[in-house]
Amino acid sequence: MLLSGVLQRSFRLSPSSSLSARASFRFHSTMASVIDGKQVAQNVRTRVKENIAATKQKFPHFNPHLAIVQVGNRDDSSVYIRMKQRAANEAGIQFTLEKLPETISQAELLHKVKQLNDDYRIHGILVQMPLPNHIDETLVVEAIDYQKDVDGFHAVNIGNMAKRSGEPLFLPCTPKGILELLKSTNIEISGKKAVVLGRSDIVGSPVATLLTSANATVTLCHSKTQNIESIVKEADILVAAIGNAEYVKGSWIKPGAVVIDVGTNGVPDATKKTGMRWVGDVEYSEAAKVASAITPVPGGVGPMTVAMLMENTWTSAKRWFDLSRKRKITPLPLELKTPVPKDIEIAMQQTPKHMEVLLRELGLTAAECELYGASKAKISLDVLKRLEHRKDGRYIVVTGITPTPLGEGKSTTTIGLVQALGAHLDKVAFACVRQPSQGPTFGIKGGAAGGGYSQVIPMDEFNLHMTGDIHAVTAANNLLAAAIDARMFHENTQTDKALFNRLCPAQKGQRKFAPVMFKRLEKLGINKTDPSELTEEEIHKFARLDIDPATITWQRVMDINDRFLRKITVGQNPTEKGQERTTGFDISVASEVMAVLALATDLKDLRQRLGAMVVASSKSGEPVTADDIGIGGALTVLMKDAIKPTVMQTLEGTPVLVHAGPFANIAHGNSSVLADKIALKLAGSETDMEPGYVVTEAGFGADMGMEKFFDIKCRVSGLVPDAVVIVATVRALKMHGGAPDVVAGKPLPDAYTEENLEFLEKGCANLVKHIENAKKFGVSVLVAINRFTSDTDAEMELIRKLALQAGADDAVACDHWARGGLGAVDLGKAVIDACEKEKNFKFLYDLDQPIEAKIEKICKDIYGADGIELSDQAKKEIELYTKQGFSSLPICMAKTQYSFSHDAALKGVPTGFTVPIRQVRISVGAGFIYPLVGSMQTMPGLPTRPCFFDVDLDDEGNVVGLF
């Protein structure tokens, strides 16, 4: 679009505006029409006020905001700022004044400008000139985000204004106001001869550019110009901006010319109280006899500057507002091949969008994101505040039937579904998935990026270190483990006084409590803030945690499979003075720190949860927390970046939020609450916006991950899901129906590769049970059947028939593994329909029920057990937790994922069994109680042939062998 087009839009007057413009003249029989700048400016300000009010009426959260930075305290600057503030208040524009001392350094001023640039609430930024001599004004102006440069002087805006094909976001206020004044005279600028006196960057040069763009023939005169008088006499339009009192004589003015006098010059006048009067650059009294229209001084150009500033601020606010609502994700094309190549080959052949492109498509600002290279970024939690007015998007959880060695493809279905919704059905769609652990990646299972043509990319970065969140979990967990052993060591080797003096060291003769210590003081009922006031008994209680080593539940972790670390002895070195104890390692994703990360709702909540983690009991039976040890704050510092979800993308360029990775058999097995909340707001809706879709995955079968998603995650988050997708395959259902065992390294038995409706119908009982369980929570239920080439139409139809009979809203065959999102379009349509249905979401149990009753409810209603059997140890633990006040926490069952029962060998839908509860443990920080069913390994081991045999780099440095 040509700049002239921009000007025509900028200065086009509505019918009402034209009337008010004509009303701004005062006609005299022998004098020029006086261009009443005050009236024209008021018309502009009224228009801005009305536009803002109309927009706010439709969108109450719309709030234009102008920030002005004032350095020093110059009286003239303060006067100008007060004028702008009054105008902003009148227009309905929020106004912020940042007053900074005259001594501020340039670096500090630039930092303040950056803060305003990054603040999504600010739409216009202006640094009041002049600045002190030690500050480079040009550098400061260029530091302002050109998208918030409402003064219009950033090089990007000036440059685009000067380009014939340019499209500046803002025009400088005074030049823009001059053009508005000219428009008010109804003069046809196109084809006229215009003369501009003065070439300043503030007025002269930009006015000449704007007049040229409006198709006037422009002459720009300056101090070196010869024969100015003769040039002026040719002007149909004269703009004088030289700061020289009455320099232009009336005799110079061409009869009928329009004169815009920008100058404001003080001249002595004894008749005035101040002894001075203000005149322009033009000899007004004489020029007015010749010109057709002329601006007075004062009351001409001056009021327009502030009015145009208000209009620029309104324009900026509306543009930022529109951008925040714009969500257009451009899909990446897929080149489908047959046969389907290996996962890593497909991933390497696709070129991801640069992350900056995807973030812009999602309506995220630069300040809300931290790039980790070209393909990953962290999202700031601040986006939740910016979008808090939006209704959440549609919320879908993907789960599966009871897992088998043949795999069901939940991750692949999650990714394929969002590719279908986003790339083929033109919906805003997010996948929310867990970060994979390097244990499975290098062990048996492999990665978790999906598969075939439904993957998260770059697949190698996703499956390996990503943005380091699991490493942060590992560091935090192990710091706490080290602190536990160190605290016991020091308590066992020091007197009360020595221990207390070291915990509260004297500084300049005074002892102080660290802030975290007040939590322990409050817990002990000690209401004192001065360490010197504690009695000997209080010192003993405060300084000694008196941890019972036999009760320590906190273990060290690492993010690889290592069976030889399951049980170890620590403290064997002589320096530990014989304080040996037996402990062990868990895999990092089994750490309570990981569960806390997944369930935290903000940074403050993360801090509270980390500090509340119970690591042991004292010898008197009191719980010992991370804050008792004094480490809660330090753990939060280690986790402050990990709390931000990571943005990646699918093979088809749709967004994926990756965050947290708790296992579903020993923890709650879902991606983070924060990732889901952010995605639901980014996919959310407001007036005139269609809601998007957020697809999150729950680990293992629906009896594990889905039940915990509803009863734990949804309780914490307050989020209400719209639909459940249960993933199944013909082969897995046949295994549940009694088909022959699958032996690694041998071909699949014929029952799996040929039509066998008998095994399939028996195995569908497992699917039916999961459907019935899902329906208990009051949401729509869909079945996604991952179809293999060997599956027959009759097998598809049988699954669909039985699923619908069980209460599923639909059952859809998919081949997204082979065709990407295109293969899940029918599933996407079914999800859209299901989300429109009424729901009556409810939890399985009430939190105020006794611990034992809640465990029994899950085992009977979800697993189909006859009841539970508590060991003596489990009974004691339930009694202890109830006494300690933790009985109202939800339940997170830790059992095998391979069966509804406690016995992994029992496929299908077992009946007539009782669930043995061996132990009952508690994760106070995460906020759940986890009963242990049978023997659960929290540190996996490596198989005979781990996946790492195939992983390497090729000659170009690309990763090969991951899957």
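## Report on a predicted protein model

In the UniProt record, an unreviewed entry, the annotation "domain: Tetrahydrofolate dehydrogenase/cyclohydrolase NAD(P)-binding" covers residues 172-319. UniProt positions are given in the numbering used here, feature names are shortened, and annotations may be inferred rather than shown by experiment. The model is predicted: local features need pLDDT of at least 70, side-chain atom pairs count only at pLDDT 80 or more, and totals for chains, interfaces and linings use all residues. Residues are numbered from 1 along each chain as its sequence is written, and side-chain values use heavy atoms, with hydrogens and water left out.

Helices (H or I, at least four residues) and strands (E, at least two) are DSSP runs, numbered from the N terminus.

**An open sheet.** An open sheet is formed by 3 strands in the order β4-β3-β5, with parallel pairing. Two strands pair if DSSP finds at least two bridges between them. The edge strands, β4 (94-100) and β5 (124-127), each pair on one side only. Neighbouring strands of this sheet are turned by 15 degrees against each other on average, direction ignored. Strand β3 (residues 65-71) is joined to β5 by 4 bridges, and Ile68 has Leu126 as its bridge partner in β5. Helix α4 (residues 75-91) packs on the sheet and touches β3, β4 and β5; the direction of α4 makes about 160 degrees with that of β4. Axes are lines fitted to C-alpha atoms, for helices over the stretch in contact (heavy atoms within 4.5 Å), and angles run from 0 to 180 degrees between N-to-C directions.

Arg386 lies in helix α15 (residues 382-386). Arg386 counts as buried because its relative accessibility is 11%; buried means under 20% relative accessible area, exposed over 50%, and partly exposed in between (1.4 Å probe, protein chains only). Not counting residues up to four places away in sequence, Arg386 touches Tyr120, Ser324, Gly363, Leu364 and Glu368. The table gives two partners of the Arg386 side chain.

| Partner of the Arg386 side chain | Distance |
|---|---|
| Side chain of Glu368 (polar contact) | 2.5 Å |

A polar contact is a pair of N or O atoms within 3.5 Å; within protein, one must be able to donate a hydrogen and the other to accept it, and residues adjacent in sequence count only if both atoms are side-chain atoms.
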